[in-house]
Amino acid sequence: MTTSTTRLFSKPLLYIDPAAEDDHAALDLATSFSNAQSEPLTIVTVVPKPEWKLLGHSGRAAEVLQGVTEHAREKLESVASAARTRGARVETRLLEGNPHVELIGAAVAGQHGLGAKTMAGSLENARTAYGSMARKLLRSCPGAVLLAHPQLNKIDRVVLALGCENTADGPTDICIRTAQAAREWADFAGAPLEVVHAWHPYGEWIVGKRFPSTDPFEYAQAEKLAAETHLSETLSHLPVEIPSDHVHLKEGKPETVIPEYASNAAGDLLVLGSVARSGIKGMLLGNTAENILERVNCSVLVVKPADFVSPIQ
């Protein structure tokens with residue numbers, strides 16, 4: 001990987017699931033990325049707090065909790081040791097409580113710009129592969145979230161996903177921010193960058209019925225032109241022009257079009273933007289991003305707006 005990197009994702013934080021068998025994918029990416037940034041890598045694991053009223057019947061709940069804690073500490077140190085052998089400056093934190101709450105709280109307190117974890121669950125089922133933990137991070141983590149495919153060895157291709165609302169407005173901050181992130185991750189990985197922009201003429205079916213003077217075809221063409229303009233303006237903020245054969249403008253809803261380009265290859269990294277509220281024009285909203293995650297089975301980088309504030313503090 002090259003040493004070109006971005007300051008959008010400063011102070012990377014890596015989450016290690018104490019119950020997972022293999023976290024190498026996120027570890028490899030997070031270690032390489034932190035080295036490229038010359039910043040320390042914070043590695044966190046969380047021991048789930050037990051429900052004593054449910055676990056105390058055998059009289060061994062305290063003993064089991066101690067065993068879980070010791071296992072988590074050993075795994076944390078093992079992963080940290082592996083990162084240190086690769087030249088990373090590592091800080092570790094062993095927390096106890098609700099995993100996603102503790103992890104997001106640590107990310108907020110430490111002002112981490114990137115949270116990384118390896119995908120969990122069934123690789124044959126994207127819905128379970130991303131898991132509930134990933135979805136909670138997507139919705140509430142203060143910075144970007146990197147979900148690494150368990151079989152990822154290196155990034156072979158970066159796919160930038162755009163889902164414009166096709167308004168007359170110029171690109172929003174999250175559009176530009178996500179495009180820059182995709183460009184910089186492609187440079188970091190030494191991988192080609194492709195862009196897929198999904199667009200569809202909202203309410204096309206009603207235009208001919210409610211607005212007789214408006215031709216539905218002309219309406220659709222106007223929406224397409226707006227999408228082309230928006231895409232061009234967004235990509236103009238990148239330092240290097242993307243070859244035209246790597247830019248794809250496709251009609252259809254983002255949750256349908258984008259998975260067609262984000263293949264199930266373990267080496268793909270899909271970069272998309274997400275916001276946790278509606279009303280921001282020009283980018284994939286939170287629900288759309290989650291719908292896309294259910295239909296792809298590759299590594300994903302989800303970028304947040306610069307002014308995003310986590311509901312967990």
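How many aromatic pairs does the structure hold? The structure holds 5 of them; rings of Phe, Tyr and Trp (its six-membered ring) pair if their centres lie within 6.5 Å, and planes under 30 degrees apart count as stacked, over 60 as edge-to-face and the rest as tilted.

This is a predicted model, in which local features need pLDDT of at least 70, side-chain atom pairs count only at pLDDT 80 or more, and totals for chains, interfaces and linings use all residues. Residues are numbered from 1 along each chain as its sequence is written, and side-chain values use heavy atoms, with hydrogens and water left out.

**View 1. Phe33 and Trp185 form a stacked pair.** The ring centres of Phe33 and Trp185 are 4.6 Å apart and the planes stand at 10°, so the pair counts as stacked. The pair links distant parts of the chain, with Phe33 in helix 1 (residues 24-37) and Trp185 in helix 6 (residues 173-189), 152 residues apart. Helices are DSSP runs (H or I, at least four residues), numbered from the N terminus. Phe33 is buried at a relative accessible area of 1%, and Trp185 is buried at 0%; buried means under 20% relative accessible area (1.4 Å probe, protein chains only).

**View 2. Phe33 and Phe188 form an edge-to-face pair.** Their centres are 5.1 Å apart, with 85° between the planes. Phe188, in helix 6, is 155 residues from Phe33 in helix 1. Phe188 is buried, with a relative accessible area of 1%.

**View 3. Ring pairs link Phe9, Phe33, Trp185 and Phe188 into a cluster.** Two of its members, Phe33 and Trp185, are the stacked pair of View 1.

Terms used: Helices (H or I, at least four residues) and strands (E, at least two) are DSSP runs, numbered from the N terminus. Buried means under 20% relative accessible area, exposed over 50%, partly exposed in between (1.4 Å probe, protein chains only).
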